[in-house]
Amino acid sequence: MDNLHQLLLTRHSIRRYKDQPVDADDVSKILEAALLAPTSKSARPWEFVVIEDKDMLARLADCKQFGTKPIASAAFAVAVTADTTKSDVYIEDASIAAVFMHLQAADLGLGSCWIQVRNRLAADGESSETIVRELLDIPEHMAVECIVTFGHIDEDRKPVDPSKLLWEKIHIGRW
């Protein structure tokens, strides 16, 4: 990308991936982006589980009722977790790290999609977080915020039309 603004206009949540691995250097850059994410008071409460095993990706795709298909077809996914004992704003810290990974993937020409886990339920009513925690052996004190999927893009998406931005949502000085 030539600049961040152009990247923001062209980045989309990608739900369809080619059956093709992601280069190890690109995976490393995406993970490094997560570790570069700022956190409140430099607490760094986040930790990440990288999943490349196709069987595990398929099992994780059943962690909630809707919106999980990208997990099964991804080249790899990252479960974003945070230590609830290290920060009172662990949700925000984990979310920023996930967004940094999204932006790095887009800069590399790869697709990504945020799959919300916290406060979601599987089809049988079980907590999505519990399912992911059990499948990946995540300790109880670690909250599971989301799973971010990554892969080579297998869908066409047009850049955002800047004229359709909701500028009425911006308030200057006061509401």
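## What covers helix H5

In this predicted model, the cover over the buried residues of H5 includes both helices and strands. The helices are H1 (4–10) and H2 (24–36). The strands are S1 (46–51), S2 (76–83), S3 (111–116) and S4 (142–151).

The buried residues of H5 are Asp 93, Ala 94, Ser 95, Ala 97, Ala 98, Met 101, His 102, Ala 105 and Ala 106.

## Length and end of H5

H5 runs over residues 90–107, which makes 18 residues. At 1.5 Å a residue, the helix should span 26 Å. After H5 comes Gly 109, with a positive phi near 80 degrees.

## The cavity

How many cavities of 30 Å³ or more does a search of the whole structure find? The search finds one. The volume of the largest cavity is about 30 Å³.

Its lining consists of Val 80, Thr 81, Ala 82, Tyr 90, Ile 91, Ala 94, Arg 118, Ala 143, Val 144 and Glu 145. S2, H5 and S4 each give two or more residues to this lining. By class, seven lining residues are nonpolar, one is polar and two are charged. Ala 94, one of the lining residues, is also among the buried residues of H5.

## Val 49 in strand S1

Val 49 belongs to strand S1. Its relative accessibility is 25%, so Val 49 counts as partly exposed. Leaving aside neighbours within four places in sequence, Val 49 contacts Ala 77, Val 78, Ala 79, Leu 136 and Ile 138.

Val 49 and His 152 are 103 residues apart in sequence. In space, their C-alpha atoms are 20 Å apart.

Definitions and conventions:
Residues numbered from 1 in each chain as written. Predicted model: local features only at pLDDT ≥ 70, side-chain atom pairs only at ≥ 80, totals over all residues. Heavy atoms only, no water. Helix = DSSP H or I, 4+ residues; strand = E, 2+ residues; numbered from the N terminus. Expected span 1.5 Å × (residues − 1). Buried < 20%, exposed > 50% of the residue type's maximum accessible area, 1.4 Å probe, protein only. Contact = heavy atoms within 4.5 Å. 1 Å grid on protein atoms, 1.4 Å probe; cavity = no way out; pocket = protein on both sides within 12 Å on 5 of 7 lines; lining within 4 Å. Points joined across faces, edges and corners; volume = space filled by probe spheres on them. Nonpolar A, V, L, I, M, F, W, Y, C, P; charged D, E, K, R; others polar.
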